[in-house]
Amino acid sequence: MSVTLKFIGHATFVVDADGTKIVIDPFFAPDNPAAPADATPDSVDADFIIVSHGHGDHIAHAVEIAKRTGAMVISNFEIVSWLANQGVEKTHPLHIGGGNSFPFGRVKLTIAHHGSGLPDGSYGGNPAGILINFNDGTDVYFAGDTALTYDMRLIGEAGGVDVAALPIGDNFTMGPDDAVIAAQFVKAKQVIPIHYNTWPYIEQDPQAFARKLQEETGIECRILAPGESLTV
Ligand code: NI
Ligand code: MN
């Protein structure tokens, strides 16, 4: 039993959990400037798609991939309603604080401080982080787009996580200094920095973040280049 997290770039992951493919925040090439050129939406296998919030750099290819693969899309109620109106057949609505067990594990939406407007201006509900307790015992926290929030301590107090994917880009989300605090709040064993260097507004040095994280907390930073994977 293992969980492999393949980083596509920006905030997008393709997770393989014992053969089940779960796509997090599907934003692929060429729209995603950080993604490898061959990581196009039609290259992706998906059984499930999980969307953290309505912004275009997170929901980007959800409709296209869901329609082609028949994947079930998991997101907040407002977003899955919007997706259903666009012809996505299999959806599961959640909302912040609530979770549900799926064949690969339990998914819970957590608090994120951000926006969630959909690309056409529709209301996208509240943005969320995504906490997954995989069946093999691996716990992964995808923070989504968010400020540092004191509520992240609740995740740490509940036992922490094996891996936290945390934004470090600053400007639209927390930056490196706040991500170091977030890593401690959620009691992460390993941190994957995300949501940086996609555009000029969010340029950051992930090596500098990794050093600061190691020096101040002892927590391991796993910098993944787009296309690279981490197996937990
Ligand atoms: Ni956003
Ligand atoms: Mn974003």
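How do the residues of the lining of the largest pocket divide into nonpolar, polar and charged? They divide into 10 nonpolar, six polar and three charged. For these classes, Ala, Val, Leu, Ile, Met, Phe, Trp, Tyr, Cys and Pro count as nonpolar, Asp, Glu, Lys and Arg as charged, and the others, Gly among them, as polar.

Before going on, a word on the source. This is a predicted model, in which local features need pLDDT of at least 70 and side-chain atom pairs count only at pLDDT 80 or more, while totals for chains, interfaces and linings use all residues. Residues are numbered from 1 along each chain as its sequence is written, chains are lettered from A and ligands numbered from 1 in the order in which they are written, and side-chain values use heavy atoms, with hydrogens and water left out.

Back to the pockets. A pocket is an open set of points on a 1 Å grid over the protein atoms alone, with protein on both sides within 12 Å along at least five of seven lines; a cavity is a set of points where a 1.4 Å probe fits but cannot get out; lining residues have an atom within 4 Å of a point. Grid points are joined across faces, edges and corners, and a volume is the space filled by probe spheres set on the points.

The largest pocket holds about 300 Å³ of space. Its lining has 19 residues, and Lys108, Thr110, Leu131, Leu154 and Ile155 lie nearest the centre. E8, E9, E10 and H4 are the elements that give two or more residues to this lining, and E8 has the largest share, with four. These labels are DSSP runs numbered from the N terminus: helices (H or I) have at least four residues and strands (E) at least two.

The second largest pocket has about 190 Å³. Among the residues that line this pocket are Lys6, Lys21, Asp38 and Asp45. By class, the lining has six nonpolar, two polar and four charged residues.

As for cavities, the count is one of 30 Å³ or more. The largest cavity has a volume of about 40 Å³, and its lining is Ala11, Ile24, Asp25, Ser52, Ile130, Phe142, Gly144 and Ile194.

Next, the metals. Which residues coordinate the nickel ion (ligand 1)? They are His53 (NE2), His55 (ND1), His114 (NE2) and Asp145 (OD), at 2.1 to 2.3 Å. Donors here are N, O and S atoms within 2.8 Å of the metal (3.2 Å for Na, K and Ca), and water is not among the atoms, so sites may look incomplete. The four donor atoms make angles of 90 to 173°, and the nickel site is irregular. That label is what remains after these cases: four donors are tetrahedral if all angles lie between 85 and 135 degrees; four are square planar and six octahedral if opposite donors are over 155 degrees apart and all others between 65 and 115.

The manganese ion (ligand 2) is coordinated by Asp57 (OD), His58 (NE2), Asp145 (OD) and His195 (NE2), at 2.1 to 2.2 Å. Aspartate 145 bridges the two ions, which lie 3.3 Å apart. Histidine 58 lies in helix H1 and histidine 195 in the loop between strand E12 (188–194) and helix H6 (206–217), so this pair ties together parts that are 137 residues apart in sequence.

Last, the aromatic rings. Rings of Phe, Tyr and Trp (its six-membered ring) pair if their centres lie within 6.5 Å; planes under 30 degrees apart count as stacked, over 60 as edge-to-face and the rest as tilted. The count comes to nine pairs. Why is the pair of phenylalanine 48 and phenylalanine 104 edge-to-face? The ring centres are 5.0 Å apart and the planes are at 65°, so the pair falls in that class. Phenylalanine 48 is buried at 10% relative accessibility, and phenylalanine 104 is buried at 3%. Phenylalanine 104 also pairs with phenylalanine 134, and this pair is tilted, at 6.2 Å centre to centre and 45° between the planes. Phe48, Phe102, Phe104 and Phe134 form one aromatic cluster.

Definitions and conventions: Buried means under 20% relative accessible area, exposed over 50%, partly exposed in between (1.4 Å probe, protein chains only).
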